[in-house]
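Okay, thanks for coming, everyone.

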Amino acid sequence: MSPSRGLGWIVLFAVVWTAAMARAQADVAPLGFELDAAASDVRFELGATLHTVRGRFDVTEGRVRFDPQTGAVSGRVVVDARSGDSGNGTRDANMREWVLESETYPEIVFEPRRLDVEERTEDVLRGRLEGRLEIHGGRHPIVVPIEARRVEGARWRVMGGFDVPFTEWGMTDPSNFLLSVDKVIAVEFDAVGDLTRP
């Protein structure tokens, strides 16, 4: 082999190795997720006598940081407890005043702690997100199955759901002799935002 040809192979190997290392470092570099509150949504569902109550809350802010090497997650996602809307003004006023006591506890905050990744490709991530939900003055550990999908470029959509046993967590049961409601609220979220490299 001529010296110039041998040098060519060395240069080619160096280029490939550098690209591979850059990709490996990118795969384990910390990631950030900046939530687009206007494009995100939190929905709830509660079984009640003869019908099911469905509604939504406004997301006000959200920033999350994820370390793929350790699975550690930090940050917070904030929901406005005063924005609960099920389409019935009287029912919503009772929910805000008697159940959530939203004037005293105006924010519902999720603080993620750890993400166990079960599947990860260039455009999809599935896993279980552990964290703490602060609601009505209490802090409760929860585990949320999530699925994240790339929308376009750095834009991602993260979806998941969890249950809130609201009476067990100290909130008032609005049931009376005419109305009976389930003791667990099913919550689903649809979060849209941009992936960043902090």
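The accessible surface of the protein comes to about 11800 Å², and carbon and sulfur atoms account for 55% of that. Those areas are from the Shrake-Rupley method with a 1.4 Å probe, and for residues only the protein chains shown count as cover. Before I go on: this is a predicted model, so local features need pLDDT of at least 70 and side-chain atom pairs count only at pLDDT 80 or more, while totals for chains, interfaces and linings use all residues. Numbering starts from 1 along each chain as its sequence is written, and side-chain values use heavy atoms, with hydrogens and water left out.

How much of the protein is buried? Of the 198 residues, 35% are buried. By buried I mean under 20% relative accessible area, exposed is over 50%, and partly exposed is in between, with a 1.4 Å probe and protein chains only.

Now the layout. There are two helices and nine strands, and from the N terminus the order reads α-β-β-β-β-α-β-β-β-β-β. Helices (H or I, at least four residues) and strands (E, at least two) are DSSP runs, numbered from the N terminus. As for contacts, meaning heavy atoms within 4.5 Å, take those between residues at least 6 apart in sequence: 56% of them join residues at least 24 apart.

Let's look at strand 3, residues 51–66. Two strands pair if DSSP finds at least two bridges between them. Strand 3 pairs antiparallel with strand 1, residues 31–35, over four bridges, and there L31 sits opposite F66. Strand 2, residues 41–48, also runs antiparallel to strand 3, with seven bridges joining them; V42 faces F57 in that pairing. Then strand 4, residues 73–85, pairs with strand 3 in the antiparallel sense over nine bridges, with G75 as the bridge partner of V64.

Two of those pairings are hairpins. Strands 2 and 3 have two residues between them, and L50 in that turn has a positive phi of about 70°. Strands 3 and 4 have six residues between them, and G71 takes a positive phi near 85° there.

On the subject of phi, most residues other than glycine have a negative value. Which other residues here go positive without being glycine? E101 is one of them, with phi near 45°. E101 belongs to the loop between helix 2 (89–99) and strand 5 (107–120), and it's partly exposed at 32% relative accessible area. H136 also has a positive phi, about 55°, and isn't a glycine. You'll find H136 in the loop between strand 6 (124–135) and strand 7 (138–152). At 13% relative accessibility, H136 counts as buried.

There's another histidine to point out: H140, in strand 7. Is H140 buried or exposed? It's buried, with a relative accessible area of 14%. Leaving aside residues up to four places away in sequence, H140 touches G131, R132, L133, I135 and W169.

Last topic, salt bridges. I'm counting a side-chain nitrogen of Lys or Arg within 4 Å of a carboxyl oxygen of Asp or Glu. How many are there in the whole structure? The search finds 20.

Let me show you a few. E34 and R63 meet through their side chains at 3.2 Å, N to O. E34 is in strand 1 and R63 in strand 3, so that pair ties together parts 29 residues apart in sequence. E34 is partly exposed, by the way, at 34% relative accessible area.

Next, D123 bridges to R150, with the closest N and O atoms 2.7 Å apart. D123 is in the loop between strand 5 and strand 6 and R150 is in strand 7, so here the parts tied together are 27 residues apart in sequence. Both ends are partly exposed: D123 at 37% relative accessibility, R150 at 32%.

Then there's R157 with D190, where the closest N and O atoms are 2.5 Å apart. R157 lies in strand 8, residues 155–164, and D190 in strand 9, residues 185–196, so this pair links parts 33 residues apart in sequence. R157 is partly exposed at 35% relative accessible area, whereas D190 counts as buried at 12%.

And to finish, a network: D41, R43, R56, D58 and E188 are all linked by salt bridges. Okay, that's what I have.
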